[in-house]
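Subject: Structure handover

Hello,

Please find the structure below, followed by notes on what was found in it.

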Amino acid sequence: MDLIADRGRRVTVEELNTTKLLAHAAKQVKDRKFDDVLIVDTDAHHYENENFAEILPYMENEVLKQLALSSRAKGGRGNVMPSGFGYQDMGGRVTRYPLRASEKTDDKRQRDAQLGDRWMNAMGVDYSCLFPTGMLNVGLHPQKEMEFELCWAYARWVTEKALPDTNGRMYTMLCLPFSDPEGSLRMVETFGDRKGVGGFMITSVREKMSVSDNAYMKVYRAIEERGLAIAFHSGPNWGSNTFQSCNRFLSAHALGFSWFNILHCTNWVVNGMGERFPKLPVLWIEAGLAWIPFLMQRLDHEYMLRPSECPVLKKKPSDYMRDMFYTSQPMEIQDMEALETTFRMINAETQLLYASDYPHWDFDLPSTIWDLPFLTDKARHNILGGTAHKLFKLPPRNEAQKQNLVKYGNYVGG
Amino acid sequence: MAEQFVGKASEFKDGERQIIRIGEDEIGVFRHAGAFYAYSNFCLHQGGPACEGLTIARVIEPLREDKTSMGLHFHESDMNFVCPWHGYEYDMKTGEHVADRRIKLRKYDVVQKGDEVYVLA
């Protein structure tokens with residue numbers, strides 16, 4: 001298959017076969033004996049827009065459903081989902097983007113389930129938390145009614161069609177229509193007890209969101225009461241006023257992921273959500289790790305000077321941040337000492353969760369954690385899957401994995 | 001150092017590449033502008049198949065005397081090859097990462113005997 005390179009030059013590459021593309025990852029699995037380690041990928045993706053023909057009919061409101069289906073009709077007249085600017089594929093340099101449609105699957109199972117098997121097996125991943133891609137921008141939709149309908153339809157499709165086809169290898173944290181607190185609560189009450197639902201996710205890419213608004217307290221309580229987790233999944237928004245001065249995608253991407261989590265994490269911590277919902281596990285997803293030491297220091301500094309602005313807090317902001325969980329990808333492995341300091345500051349041994357972000361362009365393999373020179377064996381096992389096993393009740397897939405979970409104090413059954 | 005047969009030069013078109021496997025090792029051999037280049041196929045980032053992705057000209061941003069930018073352009077002759085996993089981009093002639101020349105893929109010598117191309121590995 002040909003890809004377009006510079007000045008229209010065509011370069012012949014093989015059609016996409018995920019197993020073959022990731023053959024070197026499979027070698028790492030073998031070399032490091034990953035089959036003996038429970039590995040949970042807490043942030044992986046599919047392209048849900050490829051399934052809109054199945055998803056959109058689950059919308060409840062007939063008028064909004066007709067609008068959405070009509071916009072997808074042949075000769076499409078508009079986008080049902082907000083979309084962002086950018087060049088995730090780097091002009092085709094990351095070949096799985098332009099070649100994606102060329103990969104062959106059969107009709108026996110959902111295509112995403114088959115592709116998931118291929119990359120999970122290649123990487124040595126036992127379980128993945130499946131998140132959408134384009135839907136991470138749903139918080140930019142101007143209609144809260146449509147935001148609800150899209151989240152609702154996706155939740156039904158993913159729990160009724162997609163996850164049941166993955167042989168239990170995938171779970172999810174369902175995207176909440178956060179512009180609609182009542183709708184968010186209904187989502188939790190409807191889907192919270194469904195198989196494969198490990199919690200709920202709020203898309204961080206929102207230009208106006210107050211996570212501490214009283215309207216959301218019942219939503220958080222409902223999630224906490226069910227023993228589920230809540231996550232904030234970040235992303236870029238090159239089109240926002242904040243980032244329109246960035247003239248390269250690199251800049252908007254590097255800053256955007258960090259910024260939106262910094263913003264909402266600050267509001268979460270300063271408003272004492274950790275005091276209000278002490279049993280609610282909170283995950284911060286896909287912003288890397290370098291922002292966390294920055295924010296800990298910044299908030300602690302201000303808190304010591306202005307504690308009267310956040311009287312709900314009973315300890316420093318960084319202490320609340322150390323109670324929360326962080327997914328590892330995209331891990332900034334540029335200065336090993338800085339990374340080691342980051343791990344110390346966030347209590348990585350108990351609070352860090354491995355994530356691949358596959359198939360997105362900056363995915364991380366499990367070896368990015370395993371090969372870190374400063375980690376203890378316990379930390380390696382915890383981060384790659386032990387902590388996630390406890391959070392999401394994912395059973396070990398073989399006896400060796402179980403023994404390792406027991407050895408490092410993580411085994412909670414299953 | 002043994003000679004590993006790659007293929008016939010007459011069948012190895014300019015702009016193409018071949019991957020040869022020696023045990024668990026893999027070497028990517030490129031033919032570019034008439035010359036052969038061979039590198040380890042294991043990316044120095046996360047181990048991806050460094051030689052199996054796109055080849056694309058180096059992107060440059062010339063500056064004028066007054067330091068204003070002339071914008072982004074493809075270089076007339078400098079060619080890179082790109083790891084398909086994450087986009088690590090290597091200089092075709094040296095195997096160096098274009099953003100940090102200290103990061104360099106293992107380079108292999110290529111010899112041509114008549115119409116036959118060999119890598120010394």
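In chain A, 78% of the contacts with a separation of 6 or more are between residues 24 or more positions apart; two residues are in contact if their C-beta atoms, placed from the backbone, lie within 7 Å. This is a predicted model, in which local features need pLDDT of at least 70 and side-chain atom pairs count only at pLDDT 80 or more, while totals for chains, interfaces and linings use all residues. Residues are numbered from 1 along each chain as its sequence is written, and chains are lettered from A and ligands numbered from 1 in the order in which they are written.

On confidence: the predictor gives the complex an ipTM of 0.96 and a pTM of 0.97. Chain B has a mean pLDDT of 97, with 100% of its residues at 70 or more; pLDDT is the predictor's confidence in each residue, from 0 to 100.

Chain A overall

Chain A contains 17 helices and 10 strands. Helices (H or I, at least four residues) and strands (E, at least two) are DSSP runs, numbered from the N terminus. With a radius of gyration of 21 Å, close to the 22 Å that the globule rule gives for 414 residues, chain A is as compact as a globular protein of that length. The radius is taken over C-alpha atoms, and the rule is 2.2 Å times the number of residues to the power 0.38. The C-alpha trace of chain A spans about 60 × 55 × 45 Å along its principal axes. Of the 414 residues in chain A, 47% are buried. A residue counts as buried if 20 or more other C-beta atoms lie within 10 Å of its own, exposed if 12 or fewer, and partly exposed in between, with C-beta atoms placed from the backbone.

The sheet in chain A

Eight strands of chain A form an open sheet with parallel pairing, in the order S3-S4-S5-S6-S7-S8-S9-S10. Two strands pair if DSSP finds at least two bridges between them. Strands S3 (40-45) and S10 (352-353) of chain A stand at the edges with a single partner strand each, so one side of each has no neighbour in the sheet.

Which strands flank S8(A)? On one side, S7(A) (residues 229-233) is joined to S8(A) by 4 bridges and runs parallel to it. S9(A) (residues 325-327) also pairs with S8(A) in the parallel sense, over 2 bridges. Val282(A) in S8(A) is the bridge partner of Ile230(A), and Trp284(A) stands opposite Tyr326(A) in S9(A). Tyr326(A) also stands opposite Leu352(A) in S10(A), and 2 bridges join S9(A) to S10(A), again parallel.

In a regular strand the side chains alternate between the two faces of the sheet. Both faces of S8(A) (residues 282-285) are covered: Val282(A) and Trp284(A) are buried on one side, and Leu283(A) and Ile285(A) are buried on the other.

Backbone points in chain A

Most residues other than glycine have a negative phi, and most peptide bonds are trans. The exceptions to check are these:

- Glu286(A) has a positive phi of about 65 degrees although it is not a glycine. Glu286(A) lies in the loop between S8 and helix H11 (291-305) of chain A and is buried, with 28 other C-beta atoms within 10 Å.
- Lys33(A), also not a glycine, has a positive phi near 55 degrees. Lys33(A) is in the loop between helix H2 (23-31) and S3 of chain A and is exposed, with 10 other C-beta atoms within 10 Å.
- The peptide bond from Gln329(A) to Pro330(A) is cis, with omega near -5 degrees. Pro330(A) is in the loop between S9 and helix H13 (336-345) of chain A.
- Tyr358(A) and Pro359(A) are joined by a cis peptide bond with omega about 5 degrees. Pro359(A) is in the loop between S10 and helix H15 (367-370) of chain A.

Chain B has an open sheet of 6 strands with antiparallel pairing, in the order S1-S11-S10-S4-S3-S2. Strands S1 (3-8) and S2 (17-22) of chain B are at the edges with a single partner strand each, so one side of each is left without a neighbour in the sheet. Strands S4 (residues 35-40) and S10 (residues 107-113) of chain B run antiparallel and are joined by 2 bridges; Ala38(B) has Tyr108(B) in S10(B) as its bridge partner.

How many residues of each chain meet? 15 residues of chain B are in contact with 20 residues of chain A. Strands S5 (55-60) and S6 (73-82) of chain B each supply at least two residues of the side of chain B that touches chain A, and S5(B) gives the most, with 3 residues. That side of chain B has 8 nonpolar, 7 polar and no charged residues. Here Ala, Val, Leu, Ile, Met, Phe, Trp, Tyr, Cys and Pro count as nonpolar, Asp, Glu, Lys and Arg as charged, and the others, Gly among them, as polar.

Regards
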